[in-house]
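Subject: A structure to look through, with notes

Dear colleague,

I am handing over a structure to you with this email, and I would ask you to keep it open while you read the notes below it.

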Amino acid sequence: MEPVNTDVSAESGGAAAAAADGGPGNGDASGTADLRTATLGTVQLAVEELWPESLAEDWDEVGLVAGHTDAEVHRIMFAVDPTAEVIEEAIDFGAELLITHHPLLLKGVTSVAANTAKGKAVHRLIESGTALMTVHTNGDSAVGGVSDVLADALGLQNVTPLTPAANGLPEEGIGRVGDLEEVLTLGDFAARVFGILPSVAGGVRVSGDRAGLVRRVAVCGGAGDSLFGEVRASNADVYLTADLRHHPASEAREAAVNDRPYLIDVSHFASEWLWLPAAAEALGNVLTDQGHDVEIRVSTTNSDPWDFILTPGGD
C-alpha cells in the first residue's frame, strides 16, 4: 500500500468539538477553559512526555533541530525523513513544525551553507518559519514506539523488548518479541508482512523454508542487524527487520539452530512509516487533553530511496 494521509486534529474531539457545537469549549458558564494556542515549547514538552530523550541511544541526536520555542504552532506534520520533498510538503500544508523520525544532522557538520543538501534544508526550514524536531531511537524504545506498532500490526501477543532500555520502564527498549495467535507458515507470515507495509520497490525478502512453521516473532523497525544475539536468546522463529547486509545475514543463517530464526528483510522506510499515524494520534491526544488546538497530518511522501527493482522473470 502507499503511505496514506492521516489527519489527527485536536479539533476532532474534546473541548474543540464542544466549541464547534457552541458547547462548553466556548468558555461559557460551564467553566470549561477556552482552547489555547500551542507554542513550539508546549509541543516540545508533550513530545518529551511521549518519547523521552533519555530513551535515545548514546550515539543519537534527537530533539529540537530548528525553531523558536515561543513560536505559535497550529499545524504539525510527521514524516520518516527530513528530505527536501518532505520539507516542501510540510510548508505547503502550512505546518509550523515538522517532526521526523530520522535526524537531519546526525553527524557533525562544519557548515550549513545553502549550496549543500543539508544546508539547503536548514535554510528552507528557517526561511519558511518551519521548525524541525527529531524523534528517533527514543521513538523506537518508548511504549507505543516503532517496534511496538509493528508488533501490533502483525498481531503479536505477550510482547516484550528485545533489548530493555537502560533508562526506561521494563516494557521499553529496542526491538520487540512476541507470539502469533496461531502458527503460520513462513510464506503466509511473509505475506502478512507484505500486506501491512507501504508499497516500496524492494518489496519483502525472505530467508528460510517457505513451508516452515513460525509462531514466535522478533521485530525491529529500522536497521536491526546488531540484535542477532538478542534474537537468538529470545527463541524467535523469525526475525523481521530492515537493511540486512550480506555478511550479517549470511552469518546469522549459518548460526541458525534448526534453521531458526528465519529472516525477513524489509524497507527501512516502510518499517518505520507505520509508526507515524500512531505517533500523530498520540501527540494529538496529549495536546487536546492540555486544551490546545493543533491540526496534525502524516506525510504522504514515500522517502524510500529506491525507485524500481529487477528480479528473475520480471519485466
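What follows is an account of what was found in this structure, beginning with the whole chain and then turning to its parts.

Please keep in mind throughout that this is a predicted model. The protein chain has 315 residues, and buried residues make up 48% of them. Along this chain there are eleven helices and 13 strands. If you take the contacts with a separation of 6 or more, 70% of them are accounted for by residues 24 or more positions apart.

A pair of aromatic rings is described by the distance of the centres and the angle of the planes. The count of aromatic pairs comes to four, and one of them is formed by Trp51 and Trp275, whose rings are edge-to-face at 5.5 Å centre to centre, with 70 degrees between the planes. Because Trp51 lies in the loop between helix 2 and strand 2, while Trp275 belongs to helix 11, this pair ties together parts that are 224 residues apart in sequence. The rings of Phe78 and Trp275 have centres 6.3 Å apart and planes at 80 degrees, and therefore this pair is edge-to-face as well. Here too distant parts of the chain are linked, since Phe78 sits in strand 4 and Trp275 in helix 11, 197 residues apart. Through these ring pairs Trp51, Phe78 and Trp275 are linked into a cluster. Both Trp51 and Trp275 are buried, and Phe78 is buried too.

Leaving aside neighbours within four places in sequence, the residues in contact with Phe78 include Trp51, Trp275, Leu276, Leu283 and Val298.

Finally, which residues lie nearest the centre of the largest pocket? They are Glu57, Trp59, Thr137, Asp140 and Ile174, out of 28 residues that line this pocket. Its volume is about 550 Å³. Strand 10 gives the most to the lining, with four residues, and the lining as a whole divides into ten nonpolar, 13 polar and five charged residues.

The second largest pocket has a volume of about 400 Å³, and among its 18 lining residues Gly202, Asp243, Ser267, Asp304 and Trp306 lie nearest the centre. Strand 12 and helix 10 are the elements that give two or more residues to this lining, which has seven nonpolar, six polar and five charged residues. Helix 10 is also one of the elements that give two or more residues to the lining of the largest pocket.

With best wishes

How values were computed
Residues numbered from 1 in each chain as written. Predicted model: local features only at pLDDT ≥ 70, side-chain atom pairs only at ≥ 80, totals over all residues. Heavy atoms only, no water. Phe/Tyr/Trp six-rings, centres within 6.5 Å; stacked < 30°, edge-to-face > 60°. Buried < 20%, exposed > 50% of the residue type's maximum accessible area, 1.4 Å probe, protein only. 1 Å grid on protein atoms, 1.4 Å probe; cavity = no way out; pocket = protein on both sides within 12 Å on 5 of 7 lines; lining within 4 Å. Points joined across faces, edges and corners; volume = space filled by probe spheres on them. Nonpolar A, V, L, I, M, F, W, Y, C, P; charged D, E, K, R; others polar. Contact = heavy atoms within 4.5 Å.
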